[in-house]
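Please have the sequence and the model open while reading.

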Amino acid sequence: MILGLIASAGGGVERRLRPELAEPAVARGWTLAVTLTPTAARWLAATGELAKLQSLTDLPVRSEPRMPGQPKPYPMPSAFVFAPATANSVAKLALGIADSQALTAACEAVGARVPMVVRPQAGDAQRGHPAFAGHVKALREAGVLVSDEPPEVGWEPMLDLLEGP
Ligand SMILES: Cc1cc2nc3c(=O)[nH]c(=O)nc-3n(C[C@H](O)[C@H](O)[C@H](O)COP(=O)(O)O)c2cc1C
């Protein structure tokens, strides 16, 4: 089964995404479909992580939308994890703003009610924005599992939330 793994430009994504989510998901039998926001893709490319992520899956690691004549590279994944989700990406997902391949995939998944776990990663100032709490509430009301834990809490347990008991 395909797991959509979406990541945005939260601090530490370049260190944590592969060991805490991508490799454990592969070990559990998932086929990875990784999609990065443009900024996250730049960070991961700069540290050599993009190539390491690509080596874990036959499906293309994406950050750019396809051209109109190109076919979709894979069908809708069975489930999604969006981690880390910056305040910016949480806001866009809650509002349905699909202005990148990552948010396009994530917004479609929410709309199609595909199971999704989101790990917001935002500091006090970002959480203090008057719209932040409403965005989290909107996602929960849409059926998204929002795993709003402090940054030190590991990411792999999010896979348990998707896979159930
Ligand atoms: C080193 C660094 C760490 C950052 N960490 C966070 C973070 O943890 N959470 C957050 O909401 N924004 C963080 N930001 C700001 C986001 O990267 C910025 O808002 C960006 O536009 C998010 O884009 P994206 O959601 O499309 O990836 C960080 C920026 C830098 C430079």
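A crossing is left-handed if the near helix is turned anticlockwise from the far one by less than a right angle, and right-handed if clockwise.

## Basis

This is a predicted model: local features need pLDDT of at least 70 and side-chain atom pairs count only at pLDDT 80 or more, while totals for chains, interfaces and linings use all residues. Residues are numbered from 1 along each chain as its sequence is written, and side-chain values use heavy atoms, with hydrogens and water left out.

## Helix 4 and helix 5

The axes of helix 4 (residues 87–95) and helix 5 (residues 101–111) lie 9 Å apart, at an angle of about 45 degrees. Helix 4 is therefore oblique to helix 5 (angles under 35 degrees count as roughly parallel, over 145 as roughly antiparallel, 65 to 115 as roughly perpendicular and the rest as oblique). The crossing is right-handed.

Helix 4 contributes Ser89, Lys92 and Leu93 to the contact, and helix 5 contributes Leu103, Ala106, Cys107 and Val110 (contact means heavy atoms within 4.5 Å). These residues divide into 5 nonpolar, 1 polar and 1 charged (Ala, Val, Leu, Ile, Met, Phe, Trp, Tyr, Cys and Pro count as nonpolar, Asp, Glu, Lys and Arg as charged, and the others, Gly among them, as polar).

## Burial of helix 5

The buried residues pack against helix 4 and strands 1, 2, 3 and 4.

## Ser147

Ser147 sits in the loop between strand 5 (145–146) and helix 8 (157–163). Ser147 is buried, at 9% relative accessible area.

Methods:
Helices (H or I, at least four residues) and strands (E, at least two) are DSSP runs, numbered from the N terminus. Buried means under 20% relative accessible area, exposed over 50%, partly exposed in between (1.4 Å probe, protein chains only). Axes are lines fitted to C-alpha atoms, for helices over the stretch in contact, and angles run from 0 to 180 degrees between N-to-C directions.
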